[in-house]
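Please consider the model shown below, in which two chains meet. The questions that follow ask how it is put together.

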Amino acid sequence: MPEAYTPVFRRAVIALSGGPIDNAIVRLALEVTRHSHAELIAVHVVELDWTQPLDADVAERSEDAQRVLDAAEGVAELMHGKLEAVLVQARDVGAAIVDEAAARDADLLIMGLPYRTRFGGEFAIGRAIPYALKNAPCAVWVVREPMGEESL
Amino acid sequence: MTAPRSPLHGRKLGDRRVVVDRPHAAYFRYAGDGTMVAKAAASGPTSVVGKRVARVRSFIFGKPLTNAQEIGERLSKKLALPIFSSDAISSSAYATDEILRVLVLAGIAWMTWSIWVAAAIALMLTIVAFSYRQVCRGYPSGGGAYVVARENLGPNFGLVAAAALMVDYVMTVAVSSASALANLATAFEGIAPYKVELGALIIVLVTAANLRGIRESGNIFAIPTYMFVGMALLAIVVGLVNTATGAAHHLAAPPFAEQPGVQAFTILLLLKAFAGGSVALTGVEAIANGVPAFKPPEAKNAANTLIIMAVLLGTIFIGLTFVGLQYGVQATTAQGPTVLGQVGSAVFGGGFLFIMLQISAALILFLACNTSFNAFPRLAAILAQDDCMPRQFAFRGDRLAFSWGIVVLAAVAIAMLYAFNASVDALIPLYSVGVFICFTLSQAGMVIHWRKERSSGWAWRSLVNGFGAILTGVVFLVVAYEKFGNGAWMVLIFIPTLIAMMVFVRHQYASSARQLEMRPGSAVPQPHRHNRVVIPIPGVNRATVQALNVARSITTDIRAVYVSDDAEKTDAVRERWANAVPDVPLVVVESPYRALIAPFVAYLDVLDRTWPNDSEKPITFVLIPEYVARSWWERILYNQAAKQLRATLLGRAHTVVINIPYRRDESRAAASAAEVEPAGTLVAADNGRGH
């Protein structure tokens, strides 16, 4: 039997989508890193299509985009934790999150996954999480939100 | 974007991303629907001195708390009990003395009646506590007797209750600090000459503790209260055991015992003893005033805490009176041992436990004023919300405490200490008069409350409250009659004066609200009055040009006014102005008496008078160019005339005063904005002069 161990992280990137699961993963990250005092970086990516230049003045003026990170900072403050908030514009959310995690030398990437199904009932995982699972150099934790009652 | 950034390359070819600035994040947080919440950085001082002051404040009073942290500052029952009950529970330490002091006037034999008097007071305590328990539940926003009287008897009765309570809270602080010092002075005679200063110091320390927030002050003050309760209950239990086992024997008369009198034992004497012992009830109302300070469910927790307090107070009071009776304790003069001291000495035999009992009694008497520091500011805040007190009283300070109420209470109590030379004998007649007024009003209010509500059991509840109102009303009359000549008359002057002040404040706020009120649903029309700008200029310089540019954005009716006492300089200014700003008229006001402000104001008067009477007066914008000082000494050198002018013009009809600040680092921008040639020459000629 391999010896059970609790991994210790130095720096964790939390990918925030603006969904209801964001609060839960910020709390989880704060709880997990409470004793190791790991650095926490919350990243929210605003995806731009090719009709706009990458440095277009979109995310900075978007109250919704800013609010995603502000809410995470609020949770951290309530839990007496520290969190750096980073707002990113990119063409692809998954690539931007993985690149940000790699650039910051993170050893953990935490992502939230809403429980959604496609037409026909097949579970939809989206594109960003499979990309991160395949390409992220660090550990990746995916936290799926509970199924709604109608899904049970 | 505030600062365009070059895209960062990703791990794969073609992956790029841009990290976006979040300029608001240091100061604000978006909370949805166009709402921004200010962070600590946005609420703190920006100047160097301000930051230093904030650091010192933070060290003394603790770090500022947010509104969201208010729930964390709420009190649990075990913390609320000492905070709101130290006054009430401490009164059990001397209430029996007050009864015995009256009964002894009829002779030693009649002192056995003390237990019946104490029982009657305990019955009154039960009724009052029952009533306030209902108040907690019925009026969970706090306010106690004030709110009950306001809602059921009318706003003016509410003000009577509020004024009476406030006077009593001030007196509690003054009396408790004075009596604590009187106790200390018996042990350390050297402090007697400094009683006032030391009393003030005690009040300042308790104020500082309360400004740190209710929870922290509770932590500080909880131990003495619980210590006293524990020691007093232990003394009672040991005394009862001794009584049951026949070990309790009558003591010899204590030193400084009150001499037995030969008065007839009449109903009046009994009533006086009852009124004397009723001081035990002071402070009972504090919990009902502070319901919102409790953890949820606030009303339930407050009501339960009130019952615990009443049970403890009643038990200690009756217990000490009963045990004291078994040991034959007697009332003494101020120099002699108290009933509590005699009981403690009898049951503990003067050892360690006796010393602990005395220390705990001294400490709780010392800190009885803390109840006022919690109840008074809350009452003042509710009154301020009702526009009966200045609105500052409703503002919470950095630590969520009602700082204004705390500081004002401390200041008035210190003033009382100075006025009465910290003499307990002089202060005590003013004490506990007001509280019976508010007991009476709250009970009377509850009678009407039950009658209006007609809920289950309303009839017997209103009967109990009606009986309580009569009882406390009688006690008020007896207390007021007994203490009137000794100083209670002052309370009966203070209370109406306070009521008059509150009525005045309420009238002022109502009057201003009427004047400011907009008709509901009315659309704001476009402005239709003529605007004109007058710029008082100290010369022609960049600050003047900046003011001129602002003026041009307001209207085309602009004139500059130069008040001068120097003809040569005037010509130079006029010439330069004509060259630099030919489209704006310059009015020169020569001032042979060298005054600067008055001739300018007179010019504005003349402008107003020349306006046709049949049309609405224009709005005159007075734009005052100001040089922004960068240091304290620059503040002395510049803008003195501008400050005077601003002060003079504030409140002037049809006039808007605007400061146009000119900063040195704006020199380049101003120079380019100014269409004067050559700008450098102008600045060199007049820079800063005359500001």
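Q: What is the mean pLDDT of chain A?
A: This is a predicted model, in which local features need pLDDT of at least 70, side-chain atom pairs count only at pLDDT 80 or more, and totals for chains, interfaces and linings use all residues. Residues are numbered from 1 along each chain as its sequence is written, while chains are lettered from A and ligands numbered from 1 in the order in which they are written. pLDDT is the predictor's confidence in each residue, from 0 to 100. In chain A, 93% of residues reach 70 or more, and the mean is 89.

Q: Which element of chain A has the highest mean pLDDT?
A: Elements are DSSP runs numbered from the N terminus: helices are H or I with at least four residues, strands E with at least two. Strand 5 (residues 116–117) of chain A has the lowest mean, 84. The highest, 96, belongs to strand 1 (residues 11–16) of chain A.

Q: In which sense do strand 3 of chain A and strand 2 of chain B pair?
A: Strands pair if DSSP finds at least two bridges between them. Here there are 4 bridges, with strand 2 of chain B spanning residues 16–20. A:Ala90 stands opposite B:Arg17, and A:Gln89 stands opposite B:Val18. The sense of the pairing is antiparallel.

Q: Which strands are the edge strands of the open sheet of 7 strands?
A: The order is 7(A)-4(A)-1(A)-2(A)-3(A)-2(B)-1(B), with mixed pairing. An edge strand here pairs on one side only. The two are strand 7 (139–144) of chain A and strand 1 (8–9) of chain B.

Q: Why is helix 3 of chain A largely enclosed by the rest of the structure?
A: A residue is buried if 20 or more other C-beta atoms lie within 10 Å of its own, exposed if 12 or fewer, and partly exposed in between, with C-beta atoms placed from the backbone. The cover over the buried residues of helix 3 of chain A includes strand 1 and helix 4 (128–135) of chain A, and also strand 2 of chain B. Helix 3 of chain A is largely enclosed because its buried residues number 9 of the 11.

Q: Which residue takes a positive phi in the hairpin of strand 3 and strand 4 of chain B?
A: Strand 3 (residues 28–32) and strand 4 (residues 35–38) of chain B run antiparallel, joined by 4 bridges. In this hairpin 2 residues lie between the strands, and the residue with a phi near 55° is B:Asp33.

Q: Is A:Ala139 buried or partly exposed?
A: A:Ala139 lies in strand 7 of chain A. Beyond its neighbours within four places in sequence, A:Ala139 is in contact with A:Asp107 and A:Leu108. Because 13 other C-beta atoms lie within 10 Å, A:Ala139 is partly exposed.

Q: What distance separates the centres of domain 1 and domain 2 of chain B?
A: Domain bounds come from an automatic or database domain assignment, which gives domain 1 (86–512) and domain 2 (531–686) of chain B. Taken over C-alpha atoms, the centres are separated by 63 Å.

Conventions. Contact = placed C-beta atoms within 7 Å.
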